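Student: I've got a model open and I'd like to learn how to read its features one by one. Can we go through it together?

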Amino acid sequence: MWCYRGGSISTEPRINDRIRVPEVRLVGPSGEQVGIVPLAKALELAQEYDLDLVEVAASARPPVCKLMDYGKFKYESAMKAREARKNQAHTVIKEMKLRPKIDPHDYDTKKGHVVRFLKQGDKVKITIMFRGREQSRPELGYRLLQRLASDVEELGFIESNPKQDGRNMIMVLGPHKKKTEAMAEAREAQAARKAERQGVAAADEAAPAKETAAAEATDATDAEVTEADAGEANAEA
């Protein structure tokens with residue numbers, strides 16, 4: 001945000017000596033209401049607690065200030081904003097192009113991509129491209145689009161019906177699953193795969209120890225049998 005003089009307008013709250021009012025409504029470190037106190041007293045308390053005096057409601061009369069560790073507050077706020085941006089769901093429209101006389105193998109491949117996009121919670125724009133004499137047979141494209149929509153109906157629905165656009169025919173499929181749900185399921189699946197890999201690694205590490213213990217037990221049993229046989233032989237003698 002810029003002012004008319006060309007300088008930026010700071011959105012940072014005023015803290016400590018930058019607060020220029022005779023008195024403030026003070027909030028303590030734990031959120032307790034201290035009441036209206038002179039600015040000098042509020043700054044003195046901030047120094048005692050080894051905290052900052054931060055103006056949290058400048059438009060109030062008098063302004064509301066809170067005692068806090070401002071550096072820690074800024075760091076935690078930045079981390080929360082970063083996490084919120086990471087979890088934010090952006091609507092994405094993928095595009096898939098087909099020919100009216102597409103062969104079965106290519107159709108299956110293209111359909112697989114559409115399935116993957118819908119599972120991710122994305123919309124898919126399907127474009128049928130007509131060339132030459134194909135333009136006189138729009139029903140071929142319409143039937144292909146209807147077939148594709150039927151094949152993926154468990155994952156998506158027709159959000160925009162097929163319509164002619166010049167030499168192309170376009171249809172938009174929308175996912176049944178919201179983007180946020182798809183992202184959450186993807187994270188859960190990733191965590192499950194990671195846990196499974198860790199479990200397999202732990203089992204592999206434990207296997208040699210088990211084999212060693214089993215071998216030692218076998219050796220001990222063999223030794224006992226040998227001793228027993230020797231004892232019997234001595235007794236017979």
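Tutor: We'll go from the overall layout to single residues, with the general idea before each case.

Tutor: Two ground rules. This is a predicted model, so local features need pLDDT of at least 70 and side-chain atom pairs count only at pLDDT 80 or more, while totals for chains, interfaces and linings use all residues. Residues are numbered from 1 along each chain as its sequence is written, and side-chain values use heavy atoms, with hydrogens and water left out.

Student: How many helices and strands are in the protein chain?

Tutor: The general idea is that helices (H or I, at least four residues) and strands (E, at least two) are DSSP runs, numbered from the N terminus. Here the protein chain has five helices and eight strands. Along the sequence they follow the pattern β-β-α-β-β-α-β-α-β-α-β-β-α.

Student: And what share of the 237 residues is buried?

Tutor: Buried means under 20% relative accessible area, exposed means over 50%, and partly exposed is in between (1.4 Å probe, protein chains only). In this chain, buried residues come to 24% of the 237.

Student: Which strands pair in the antiparallel sense over seven bridges?

Tutor: Two strands pair if DSSP finds at least two bridges between them. Strand 7 and strand 8 (residues 168-175) are the antiparallel pair with seven bridges. They make a hairpin with two residues between the strands, and Gly 166 in the turn has a positive phi of about 65°.

Student: Which residue stands opposite Ile 158?

Tutor: That's Leu 173 in strand 8. Also have a look at Met 171, which is in strand 8 too. Its relative accessible area is 0%, so Met 171 is buried.

Student: On to charges. How many salt bridges does the count come to?

Tutor: The rule asks for a side-chain nitrogen of Lys or Arg within 4 Å of a carboxyl oxygen of Asp or Glu. By that rule the count is five. One of them joins Lys 74 to Glu 12, with the closest N and O atoms 3.9 Å apart. This pair ties together distant parts of the chain: Lys 74 is in helix 2 (residues 70-87) and Glu 12 in the segment before strand 1 (23-27), 62 residues apart. Lys 74 is partly exposed because its relative accessibility is 41%, and Glu 12 is partly exposed at 38%.

Student: Is Glu 55 buried or exposed?

Tutor: Buried, because its relative accessible area is 6%. Glu 55 forms a salt bridge with Arg 14, where the closest N and O atoms are 2.8 Å apart. Again distant parts are linked: Glu 55 sits in strand 3 (residues 52-57) and Arg 14 in the segment before strand 1, 41 residues apart. Arg 14 is partly exposed, with a relative accessible area of 30%.

Student: Which residue does Arg 99 meet in a salt bridge?

Tutor: Glu 134, at 3.0 Å from N to O. Arg 99 is in the loop between strand 5 (93-98) and helix 3 (104-119), and Glu 134 is in the loop between strand 6 (123-129) and helix 4, 35 residues apart. Arg 99 counts as partly exposed at 27%, whereas Glu 134 is buried at 13%.

Student: What should I look for in the backbone angles?

Tutor: Most residues other than glycine have a negative phi, and most peptide bonds are trans. With that in mind, look at Asn 16, where phi is positive, near 50°. Asn 16 lies in the segment before strand 1 and is partly exposed, with a relative accessible area of 22%. Asp 50 also has a positive phi, near 60°. You'll find Asp 50 in the loop between helix 1 (39-49) and strand 3, and at 69% relative accessibility it counts as exposed.

Student: Where is the cis peptide bond with omega near -5°?

Tutor: It runs from Arg 61 to Pro 62. Pro 62 is in the loop between strand 3 and strand 4 (64-68).
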